[in-house]
Amino acid sequence: MLCRKEGKQVTITICIGSACHLKGSREVISQLQELVASHRLERQVELNGAFCSGNCVNGVCVTVDGVLHSLSPETTKDFFEREVLGALH
């Protein structure tokens with residue numbers, strides 16, 4: 001079982017605009033939903049969608065507590081482990 005700080009929360013916003021959709025935002029969302037559920041983090045991680053984060057050239061735009069990241073379906077799991085689980089420890 002993961003050791004988490006009580007009350008710590010993370011907000012993840014995934015761009016669902018047309019450029020990010022073409023780059024795999026639907027798959028990124030699906031993977032993040034599965035990762036949140038498999039780690040039982042539904043109460044600590046909020047997943048949101050938004051249109052155009054303004055960084056269309058660099059992949060699927062994802063913000064974690066306001067910090068912009070660029071993902072692909074292939075990098076989502078590593079991103080989750082590093083940025084999300086890291087923020088909750």
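**Entry 1: two helices**

I began with helix α2 (residues 25–38) and helix α3 (residues 76–88), which pack at an angle of about 45° with their axes 10 Å apart. That angle makes α2 oblique to α3. My angle classes: under 35 degrees is roughly parallel, over 145 roughly antiparallel, 65 to 115 roughly perpendicular, and the rest oblique. Axes are lines fitted to C-alpha atoms, for helices over the stretch in contact, and angles run from 0 to 180 degrees between N-to-C directions. Helices (H or I, at least four residues) and strands (E, at least two) are DSSP runs, numbered from the N terminus.

I then looked up who makes the contact (heavy atoms within 4.5 Å). From α2 come Val28, Gln31, Leu32, Leu35 and Val36; from α3 come Thr76, Lys77 and Phe80. I sorted these residues into five nonpolar, two polar and one charged. Here Ala, Val, Leu, Ile, Met, Phe, Trp, Tyr, Cys and Pro count as nonpolar, Asp, Glu, Lys and Arg as charged, and the others, Gly among them, as polar.

**Entry 2: what I am reading**

The model is predicted: local features need pLDDT of at least 70, side-chain atom pairs count only at pLDDT 80 or more, and totals for chains, interfaces and linings use all residues. Residues are numbered from 1 along each chain as its sequence is written, and side-chain values use heavy atoms, with hydrogens and water left out.

**Entry 3: the sheet**

I traced an open sheet of four strands in the order β2-β1-β3-β4, with mixed pairing. Two strands pair if DSSP finds at least two bridges between them. The edge strands are β2 (45–50) and β4 (67–71), each pairing on one side only. Neighbouring strands are turned by 25° against each other on average, direction ignored.

Next I went pair by pair. β1 (residues 10–15) runs parallel to β2, with six bridges joining them. Cys15 has Ala50 of β2 as its bridge partner. β1 and β3 pair in the antiparallel sense over three bridges, and Thr13 stands opposite Thr63 in β3. β3 and β4 run antiparallel, joined by five bridges. Val62 is partnered by His69 in β4. Two residues lie between the strands of this hairpin, where Asp65 takes a positive phi near 50°.

**Entry 4: around β3**

Is β3 buried or exposed? Five of its five residues are buried, so β3 is largely enclosed by the rest of the structure. Buried means under 20% relative accessible area, exposed over 50%, partly exposed in between (1.4 Å probe, protein chains only). Val60, Val62 and Val64 point one way, Cys61 and Thr63 the other. Last, I noted that α2 lies across β1, β2, β3 (60–64) and β4, running at about 160° to β1.
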